[in-house]
Amino acid sequence: MTEKTSTIKILPEPNIHGLFPTPVLFAKFYRDWTKEEKEFFDETAKNTTHNTGNLTSSNRYVLDHPAMKEIRDYYQFYVNYFMEKVYAPKNDVEAYITQSWMNYTKTGQYHHKHAHPNSWISGCIYVSTEREKDRITFYNDKYHRLDLPTENFNTFNSSSWWFSVGTGDIVIFPSYLTHMVEQTTSNDTRVSIAINTFLKGYIGDEHSLTGLHLQEQDKSAPQRTEARPENLQGGY
Ligand SMILES: [Fe+2]
């Protein structure tokens with residue numbers, strides 16, 4: 001309104017800073033999938049469970065398979081990159097991959113709105129997506145005291161924001177950040193590998209009464225191989 005009616009000249013243009021923004025990393029896997037990786041994807045797709053609007057692999061540790069080693073290494077590299085650039089921890093602390101699973105969203109299906117509890121950083125790598133049609137949508141869950149409708153959306157005034165995603169894209173984001181996939185219109189099944197992570201090492205500090213020394217979880221715990229009940233709704 002002011003801009004349209006004012007005769008006041010402001011030089012230089014004022015700056016509006018985005019203070020305390022939410023980090024979302026986009027990167028790209030450097031090559032096409034190998035024969036071994038494709039075989040693993042095909043094999044994994046044979047065993048799925050129902051999620052709310054799509055399907056999830058029954059295998060909840062897909063990146064533990066030897067055929068997934070390089071994908072896992074790249075994922076870990078970008079998780080480390082995110083840790084360094086975003087959090088820059090003073091002490092020796094690392095985010096390591098805990099669970100990893102595949103998502104299958106067929107034409108007309110969707111991936112319900114969710115975040116990833118019990119995880120620090122989450123991520124997604126797209127095995128098969130159509131960049132012109134496939135998106136990931138993130139949500140701002142902060143309570144809005146006043147709702148001012150706009151037609152000029154930006155990252156300050158929007159409650160959601162979407163990005164196009166193509167095959168080979170890697171997205172890394174804080175696990176608290178709510179996201180979803182709208183009903184898909186692409187002809188092929190949208191396939192992705194998702195990860196959760198947790199911290200190991202020294203976080204906080206003893207003087208502030210926040211000190212924690214965390215070790216990597218024991219993956220040999222027997223419950224990790226338990227099947228997920230078919231009738232369990234929700235999930236990630
Ligand atoms: Fe997710």
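A residue is buried if 20 or more other C-beta atoms, placed from the backbone, lie within 10 Å of its own, exposed if 12 or fewer do, and partly exposed in between. The model is predicted: local features need pLDDT of at least 70, side-chain atom pairs count only at pLDDT 80 or more, and totals for chains, interfaces and linings use all residues. Residues are numbered from 1 along each chain as its sequence is written.

**View 1. Phenylalanine 156 in a loop between two strands.** Phenylalanine 156 lies between β7 (135–139) and β8 (160–164); helices (H or I, at least four residues) and strands (E, at least two) are DSSP runs, numbered from the N terminus. Phenylalanine 156 counts as exposed because 9 C-beta neighbours are found inside 10 Å.

**View 2. The largest nonpolar core.** Such a core is a set of buried Ala, Val, Leu, Ile, Met, Phe, Trp, Tyr and Cys residues joined through C-beta atoms within 7 Å. It has 29 residues, and Ile125, Val171, Ile172 and Ile193 touch the most other members. Two or more residues each come from α3 (69–87), β4 (93–105), β6 (121–128), β9 (169–174) and β11 (190–203). The most, 5 residues, come from β6.

**View 3. Contacts of isoleucine 172.** Two residues are in contact if their C-beta atoms, placed from the backbone, lie within 7 Å. With neighbours within four places in sequence left aside, isoleucine 172 contacts Leu25, Tyr78, Val79, Phe82, Ile121 and Gly123.
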